[in-house]
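Hello,

The structure we talked about is pasted below. My notes on a few of its helices and strands follow.

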Amino acid sequence: MQTAEQLIIEAGLRPTKARLAVLSAMIHSHKALSHTEILTALQGVKEIDRVTVYRVLDWLQANALIHKISTDDRAWKFQLNAPVRRYKAVETASDSAQLNHHGLVSNHGHAHLHCQNCGTVLCIHELAAHIPPAIFATYQVSQIEISLKGLCPDCQQATA
Ligand SMILES: [Zn+2]
Ligand SMILES: [Zn+2]
């Protein structure tokens, strides 16, 4: 697994303490995190406050290191983008052409598992969107979301 510093430097960007702290928290979480969860995880880090976390999350999104996911309670959750290599492996040739042509939506076409009990959100990169090219010809698509909703294994056990 790459460190936060490697990810930022390989993207040609400048690491700061706040950027490294937020990205590290996300690397070490297998599930998507909300702004509040990131803030809580980084309690006690001097460079971190509410506004800084918002700013860093915007910056990480603008630089395509993370993406945001909408949830039922209207709070955004954030998750790392899949490493390019792994994502490429599951694309078909026609998908890559489509994604390259519409750079804006690359990395956003995968599915999310939402647990309706505990709110856990996981990225499923193996399930990618297959969107008819005609959609892109007629509609300016800024974000693609595929949601699978249900109960995570932990919550199934709790209700069994
Ligand atoms: Zn759950
Ligand atoms: Zn995702």
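In helix α2 (residues 17-27), the buried residues are Arg-19, Ala-21, Val-22, Leu-23, Ala-25 and Met-26. Buried means 20 or more other C-beta atoms within 10 Å of the residue's own, exposed means 12 or fewer, and partly exposed is in between, with C-beta atoms placed from the backbone. Helices (H or I, at least four residues) and strands (E, at least two) are DSSP runs, numbered from the N terminus.

This is a predicted model: local features need pLDDT of at least 70, side-chain atom pairs count only at pLDDT 80 or more, and totals for chains, interfaces and linings use all residues. Residues are numbered from 1 along each chain as its sequence is written, while chains are lettered from A and ligands numbered from 1 in the order in which they are written.

The cover over the buried residues of α2 includes α4 (50-62) and β2 (66-70). In α4 itself, Val-53, Val-56, Leu-57 and Leu-60 are buried. They fall within an arc of 105° seen down the axis (directions from the helix axis to the C-beta atoms), so they line one face of the helix. The face turned away from that buried side carries the exposed Val-51, Asp-58 and Ala-62. Just after α4, Ala-64 has a positive phi of about 60°.

Strand β6 (residues 146-150) has zero buried residues out of five, so it lies largely in the open. Five bridges join β6 in parallel to β4 (residues 110-115); strands pair if DSSP finds at least two bridges between them. His-114 has Lys-149 of β6 as its bridge partner.

Regards

Definitions and conventions
Contact = placed C-beta atoms within 7 Å.
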